[in-house]
Amino acid sequence: MPSHPVSYYADKYKVVPGKEVHLKEWLTDDNDKPLSKEEGEELLKSDILKLSEMQEKLYASNRYSVLIVIQAMDAAGKDSVIKHVMSGLNPQGVTVTPFKTPTHLELEHDYLWRHYLALPARGMVGIFNRSHYENVLVTRVHPEYILNENLPGIKAVTDIDKSFWEKRFRHINHFERTLVDNGTVILKFYLHVSKKEQKKRFLDRINDPAKNWKFSGGDVQERGLWKEYRKAYEDMLANTSQLLAPWFVVPADDKWFTRVIIANIIVNELGRLDLSYPGITELKKKELEEAKKILTGESESPANNNIEMK
């Protein structure tokens, strides 16, 4: 397997804070992959094991939480990434929250309210399948949705100008800074799929009866707004990739490679935390020694082993 710095994928696909983003310049399929599919599968297995070990230390140390944000166009493979990359994690320590159209109750609060409620506690891993960024993506393409929020000063779509979106970007950046300051590690992934590959996956969903349920007529309508969504994503990525909460634009046309990249980036970024098991006090050590004496002093009689005598 080719040798690269541990931060190879993180460095290659990270969005530099404050820099303009033009998605046409970012790969949807890396033709110069540094490893074969077989090598990628081995690396993924290795990183999944590392993630499992890191999760245990994350829970035991009870100091940090991890929030993984996944955004993408339809059919880019969000569910597939969650299923495969997170397969080695203990389900008790993970919450996956898919954010869909806001409910009436959610619209009666500020737009970040429902996302606060879903944040992972210390020691836990939270995954947002779509996220608070829908509030500057879908609503950017469909500004009429903002009217449902009944905001002061916004009575018509014409009231929603450039400054409105700039303010939302600031809200989100402040929101994430607060989380980071309180121990949440935030990693954000945009799965960058091509229009050609999306078409292929849509047709696959239509032609395969087992995948029909995944397809909605609205998917084709939204596909017709490809350029509008791309522009919304470019502005979002440029304005909200921070050193403390970076965005990664990951090629998504080849699913196995997408999984390898994301798993490796997560391992690399969590490795910076120097996670470890908590130390124990002298009193705790004595307690463990006493328990050990009692356990090792127990007789190994058949009765203790629940073996029935005949």
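1. Ground rules first. The model is predicted, so local features need pLDDT of at least 70 and side-chain atom pairs count only at pLDDT 80 or more, while totals for chains, interfaces and linings use all residues. Residues are numbered from 1 along each chain as its sequence is written, and side-chain values use heavy atoms, with hydrogens and water left out.

2. Searching the whole structure turns up two cavities of 30 Å³ or more. A cavity here is a set of points, on a 1 Å grid over the protein atoms alone, where a 1.4 Å probe fits but cannot get out. Points are joined across faces, edges and corners, and volume is the space filled by probe spheres set on them.

3. The largest cavity comes in at about 80 Å³. Its lining (residues with an atom within 4 Å of a point) is L51, M54, Q55, L58, V66, I68, M86, L89, V125, I266 and L270. Helix 2 (37-61), strand 1 (65-72) and helix 11 (255-271) each give two or more residues, and helix 2 gives the most, with four. Helices (H or I, at least four residues) and strands (E, at least two) are DSSP runs, numbered from the N terminus.

4. That lining splits into 10 nonpolar residues, one polar and no charged. Nonpolar means Ala, Val, Leu, Ile, Met, Phe, Trp, Tyr, Cys and Pro; charged means Asp, Glu, Lys and Arg; the others, Gly among them, are polar.

5. The second largest cavity holds about 30 Å³, lined by A76, G77, S80, V81, K255, T258 and R259. Helix 3 (78-85) and helix 11 each give two or more residues, with helix 11 giving the most, three.

Note on methods
On a 1 Å grid over the protein atoms alone, a cavity is a set of points where a 1.4 Å probe fits but cannot get out, and a pocket is an open set with protein on both sides within 12 Å along at least five of seven lines; lining residues have an atom within 4 Å of a point.
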